Amino acid sequence: ESRPELGVFTRSSIGTFFQDRPLLKNPFLEDALLQKYLSRNLPPQILGTIRADLAQFGKRIVTELDVLGQQCEDSPPRLQHYDAWGCRIDRILTCPAWARMKEISAQEGLVAAGYERTYGEWSRVFQMSKIYLYSPSAGLYTCPLAMTDGAAKVIESLGMTWPLEKAFQRLTCRDPQRFWTSGQWMTERKGGSDVANGTETVALPQADGTYKLYGFKWFTSATDADMTLTLGRELDEEGFPKQGSKGLSLFYAEVRDEQGNLNGIEVQRLKDKLGTRQVPTAELLLDGLPAHRISSEGRGVASISSMLTITRIHNTVSAVAAMRRIIQLGREYAAKRFVFGKFLRDHALHVQTMARMEVETRGAFLLLMEVCQLLGREECGLTSELDCHLLRLLTPVAKLYTGKQAVAVVSEGLECFGGQGYMEDTGLPRMLRDAQVLSIWEGTTNVLSLDVLRCLAKSNGQVLEAFYSQVKIKLEAASGNQALASPVMAVDCALSKLGQFVQVAARGATSYLELAARDLSCSLARIYMGALLIENATWEGASDSDIYAATRWCEQDLCPVVNNKDHGWYNPETPDKDAMLVYEVSPH
Ligand code: UCC
Ligand code: FAD
């Protein structure tokens, strides 16, 4: 019997086995669902061009952008308060890769594509597909792009009066030298959710009709932006700030003057964050920031809501993209990692784990694309009233549900790499740290659930009507398809339960609905995703895996709000019981 070669483990020799790393392959070519979605939906005359653009961009992600994204992570922004001669400069220093991302974003039209509308109603699907491929490699440059897109949308909605016309051109151009990014400064120390009561910033009118803003913005991301949209209060006749939501107006401000110095802004400090470390997020003192009021007086929140719609859709893009990327890497790794006598991909239990992640991702992806499709149609004037209601409802539903899914799926995804999934230099842990913010910024899960309630309540039943009829249309298209009989029945049954719940709940107290808001939003998400998976599986080009995905999705509780109601979770005594549980005092 030959002795093992012990020499390989001595001195500087550390063994001969090295695990092959998971390779990033062209994320477009690797994404069967995206490709099928495009083939199913896009008109033939644009399909080829869009596919070619995405395939080319996918290649660029692998060969160029992914490395830049990692550099953004490795060289986080810094704040330089003073120059060598003691002058206060508050310069935010970002790395060359971050600057390069700005140039590439302009060249690739990552914002522009949404406004050029080259592909008509499909322009948003095209733009968001591109950002979806880019996001996991973007070093979070998707954050400024989201706000830039949102600002362009606000300007387009409000109309292009001076100086907004110039800003709009900059935000939506493809010329890297002229391209601007925007901030979105809404959060102050007293409140990021409760903006109406949390905003202390005051807007002092100037003789020329402009304003100067004085206040403190507690979170401002991508603070290296060129301009921003922000909220402030005007003064009443006695000189006091007008209170509440109706006291807030929307302002446009340019962050720097022509010499590049900050315009009446002091950067207090940069935030020390769990994730999104690539992005500078700062606390800002506004000390006379020159600004233009761009909403009518007191219509600040309503006017910035179109920005919220866009940034929440971008948030959904990032959530789904993170799930898709961890699965792409995970399945690559599973074909290379050899344990217990076979590759991971041949261990049924491992593949079952990944299949569960895949089903979540498919549901999330289809909901994302549905929202993008609706947005694109709305922007081309092609939406019915029903479509508009649906877009209003599905935007917060998609944001809140996919934000939570992303954390769960990416966390499970890290485990697929074993200990390596926990090692910073693999680049994998960053994905989990970055995913965690998706359920916090742009409205937390609870706050968006209340937004869902508000939008249901405001429309006199029409929003829910839109939801129902869309789900029904999708189910009817699958009727007669034996392979889909079981998921169709499950969604139909959940829809009826939801209907009964809403009818009863609408007659109850507001507190009842408030307690149910999160479960209701979750039910809306699961039912709609079920209908979309069924619709996707009904297409003639669908595969067996599409049918299987729809079946698996619909085996879960699609309408948890009803089960939880039956458990008495929303009863008048429940809040006290919940408080008892949370605030139990130690007996010693
Ligand atoms: O977090 C932020 C940036 C992070 C970095 C960028 C990430 C990009 C994405 C990721 C990519 C990687 S910026 C901060 C975001 N902050 C929030 O999302 C705030 C969360 N809070 C809310 O959403 C609240 O629901 C508020 C602030 C909107 C509620 O405020 P009020 O004052 O209570 O407002 P009201 O009275 O409910 O609404 C005032 C008006 C109403 O219209 P009218 O007056 O005509 O009846 C509402 O219907 O605004 C309308 N409105 C909306 N309209 C309110 N929300 C909406 C909406 N979502 N859509 C349409
Ligand atoms: P709070 O409102 O204090 O919420 C605390 C908790 O209470 C949450 O769990 C929330 O769900 C819950 N809650 C609040 N109200 C209710 C209610 N009525 N019913 C039930 N539960 C409720 N903001 C900007 O304006 N611009 C930016 O660029 C920006 N960048 C950010 C970057 C990062 C990395 C982070 C983490 C945040 C950023 N924010 C930004 C702020 C972000 O939008 C807010 O943190 C977020 O909206 C929540 O507000 P808050 O922190 O005040 O939390």
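Q: How does the shell around ligand 1 divide by class, and how many of its residues are polar?
A: The model is predicted, with local features needing pLDDT of at least 70 and side-chain atom pairs counting only at pLDDT 80 or more, while totals for chains, interfaces and linings use all residues. Residues are numbered from 1 along each chain as its sequence is written, and chains are lettered from A and ligands numbered from 1 in the order in which they are written. Ala, Val, Leu, Ile, Met, Phe, Trp, Tyr, Cys and Pro count as nonpolar, Asp, Glu, Lys and Arg as charged, and the others, Gly among them, as polar. The shell has 11 nonpolar and three charged residues, and the polar ones number 14.

Q: Which element gives the largest share of the shell around ligand 1?
A: A residue belongs to the shell if its C-beta atom, placed from the backbone, lies within 6 Å of the ligand, and 28 residues surround ligand 1. Helices (H or I, at least four residues) and strands (E, at least two) are DSSP runs, numbered from the N terminus. Helices H6 (142-158), H8 (195-198), H9 (300-334) and H13 (445-458) each give two or more residues. The largest share, nine residues, comes from H9.

Q: Which strands supply at least two residues each to the shell around ligand 2?
A: Of the 22 residues around ligand 2, Gly192, Ser193, Phe219, Ser221 and Thr444 come nearest. Helix H13 supplies at least two residues, as do strands E3 (182-185) and E5 (211-221).
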